[in-house]
Amino acid sequence: MINIPTIETARLRLTALTERHFDDYATMLADPASTRYIGDGQPLDRTNAWRSLAMLLGHWQLRGYGMWALELKATGEFIGRAGLFQPEGWPDLELGWMLKPEHRHHGYATEAGTAVLDFAWNQLRAQRVISLVRVGNEASDRVAERLGGEHIEDRDFYGCDTHVFAYYPPHREIRRVACG
């Protein structure tokens with residue numbers, strides 16, 4: 001079993017998804033407003049929420065990175081998920097996030113995303129991370145922009161018009177061509 005690191009930010013704890021998160025996780029995935037821009041856009045029943053949770057945990061085992069549960073440090077309350085995702089056939093290493101409706105618009109996605117990108121740069125030595133944001137999901141467009149994402153293209157992704165944002169490590173070398 002892989003050891004999933006815990007990361008703390010000013011207000012959040014990014015920790016391994018566990019069975020104790022499942023009721024809140026299943027409730028979040030049953031909410032049409034939460035799933036509107038994820039997967040096929042349909043809410044999930046408890047059986048498929050369980051499969052989702054198991055898949056995200058398996059992603060850690062197979063890739064060595066994945067999604068974390070987001071908890072408020074002050075209370076331990078589960079508020080969503082955020083992390084890195086790259087299943088077979090995915091276009092690149094993706095940063096993704098999902099918050100319970102009552103926890104949106106408080107800066108939590110940006111706070112978690114900053115911590116996840118730091119993990120990608122410093123632990124994985126990633127050269128690039130992307131976010132795939134469905135057209136119409138303006139709140140996630142703004143999060144990607146706040147995280148420093150560069151809107152590099154629009155593409156059809158599994159039948160949906162999608163913005164692709166790219167993030168690059170802050171320490172990347174910029175090649176300069178000598179003149180003369």
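**Exercise 1. Determine which residues lie nearest the centre of the largest pocket, and which elements contribute to its lining.**

Solution. Step 1: the largest pocket is lined by 44 residues, and those nearest its centre are Tyr-37, Ile-38, Arg-81, Trp-97 and Met-98. A pocket is defined on a 1 Å grid over the protein atoms alone, as an open set of points where a 1.4 Å probe fits, with protein on both sides within 12 Å along at least five of seven lines; lining residues have an atom within 4 Å of a point. The structure is a predicted model, in which local features need pLDDT of at least 70 and side-chain atom pairs count only at pLDDT 80 or more, while totals for chains, interfaces and linings use all residues. Residues are numbered from 1 along each chain as its sequence is written, and side-chain values use heavy atoms, with hydrogens and water left out.

Step 1: two or more lining residues come from each of helix H2 (32-35), helix H3 (46-63), strand S4 (78-85), strand S5 (94-99), helix H4 (108-122), strand S6 (129-134) and helix H5 (138-146). Helices (H or I, at least four residues) and strands (E, at least two) are DSSP runs, numbered from the N terminus. The most is given by S5, with six residues.

Step 2: the volume of this pocket is about 1200 Å³, where volume is the space filled by probe spheres set on grid points that are joined across faces, edges and corners. The lining comprises 23 nonpolar, 14 polar and seven charged residues. Here Ala, Val, Leu, Ile, Met, Phe, Trp, Tyr, Cys and Pro count as nonpolar, Asp, Glu, Lys and Arg as charged, and the others, Gly among them, as polar.

**Exercise 2. Classify the geometry of the aromatic pairs Trp-68 with Phe-119 and Trp-90 with Phe-157, and state which parts of the chain they link.**

Solution. Step 1: rings of Phe, Tyr and Trp (its six-membered ring) pair if their centres lie within 6.5 Å; planes under 30 degrees apart count as stacked, over 60 as edge-to-face and the rest as tilted. By this rule there are nine aromatic pairs.

Step 1: the ring centres of Trp-68 and Phe-119 are 5.1 Å apart with planes at 90 degrees, so this pair is edge-to-face. Trp-68 belongs to strand S3 (residues 67-72) and Phe-119 to helix H4, 51 residues apart. Both of these residues are buried.

Step 2: Trp-90 and Phe-157 are likewise edge-to-face, at 5.0 Å centre to centre and 85 degrees between the planes. Trp-90 lies in the loop between S4 and S5 and Phe-157 in strand S7 (residues 150-157), so the pair ties together parts that are 67 residues apart in sequence. Trp-90 and Phe-157 are buried.

Step 3: ring pairs join Phe-85, Trp-90, Phe-157 and Tyr-158 into a cluster.

**Exercise 3. Locate the positive phi values of Tyr-158, His-105 and Arg-125.**

Solution. Step 1: S7 pairs with strand S8 (residues 160-167) in the antiparallel sense over seven bridges, and Phe-157 stands opposite Cys-160 in S8. Their hairpin has two residues between the strands, and Tyr-158 takes a positive phi near 50 degrees there.

Step 1: most residues other than glycine have a negative phi. His-105, with phi near 70 degrees, is in the loop between S5 and H4. At 69% relative accessibility, His-105 counts as exposed.

Step 2: Arg-125, with a positive phi of about 55 degrees, is found in the loop between H4 and S6. Its relative accessibility is 55%, so Arg-125 counts as exposed.

Note on methods:
Buried means under 20% relative accessible area, exposed over 50%, partly exposed in between (1.4 Å probe, protein chains only). Two strands pair if DSSP finds at least two bridges between them.
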